[in-house]
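Reader: I would like to learn how to read pockets and cores in a model. Please take one feature at a time.

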Amino acid sequence: MPTPIPKKIFSRRHQIFADFMRELDKHLDDILSERTTEMFEIRDLAEILHIHPTHLTNTIKQLTGKSPCWYFEDKLMSIAKEMLQQNIPVKEIAFKLTFDASNFTKFFKRFEGITPKEYKERLMLQAEVVEG
């Protein structure tokens, strides 16, 4: 039988994850509010948390089964979808999220399976069906 994980270590993992998510939200808010124009990388968030990037990655993976990048990209996708629902142009969304337009389209398609333009068109079709 494996040795149980001490509660102190277990709770520290949860604290690291909570701190990571809080700093990620703060950073993305800074990006959207144009208080900063440089998108952080995982190592930047780890530095803010005063831990090694590998420790951050391993801790979050052990706790959740997903990498910190997954949470970062998931939040970016949520923001992008919300902006598309507000009918903000794709180029403007890309710029706000520090992408160039073609890289943003590739990023979006990799996660959603369709381009931002196709996503926007589907939203418009769904709205027409609801109204009609």
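Reader: Which helix gives the most to the lining of the largest pocket?

Author: The general idea comes first: rolling a probe the size of a water molecule over the atoms shows where empty space is left. In this predicted model, helix α4, residues 68–85, gives the most to that lining, with four residues. The space in the largest pocket is about 210 Å³.

Reader: Which residues line the largest pocket, and how do they divide by class?

Author: The lining is made up of M39, F40, E41, I42, C69, F72, E73, L76, L97, T98, F99 and F107. By class, nine are nonpolar, one is polar and two are charged.

Reader: How many residues does the largest nonpolar core have, and which have the most contacts inside it?

Author: In soluble globular proteins, nonpolar side chains tend to be buried together. Here the largest nonpolar core has 31 residues, and F20, L56, I93 and F104 have the most contacts inside it. Helices α1 (7–32), α2 (42–48), α3 (53–64), α4, α5 (90–96) and α6 (101–112) each supply at least two of its residues. Helix α4 gives the most to this core, with eight residues.

Reader: What is L56 in contact with, leaving aside its neighbours within four places in sequence?

Author: With those neighbours left aside, L56 is in contact with I16, F20, I42, A46, L49, I51 and P68.

Reader: Why does D30 count as buried?

Author: The cut-off for buried is under 20% relative accessible area. D30 counts as buried because its relative accessibility is 16%. D30 is in helix α1 and, leaving aside neighbours within four places in sequence, is in contact with R35 and T36.

Terms used: Residues numbered from 1 in each chain as written. Predicted model: local features only at pLDDT ≥ 70, side-chain atom pairs only at ≥ 80, totals over all residues. Heavy atoms only, no water. 1 Å grid on protein atoms, 1.4 Å probe; cavity = no way out; pocket = protein on both sides within 12 Å on 5 of 7 lines; lining within 4 Å. Points joined across faces, edges and corners; volume = space filled by probe spheres on them. Nonpolar A, V, L, I, M, F, W, Y, C, P; charged D, E, K, R; others polar. Core = buried A, V, L, I, M, F, W, Y, C linked by side-chain atoms within 4.5 Å. Buried < 20%, exposed > 50% of the residue type's maximum accessible area, 1.4 Å probe, protein only. Contact = heavy atoms within 4.5 Å.
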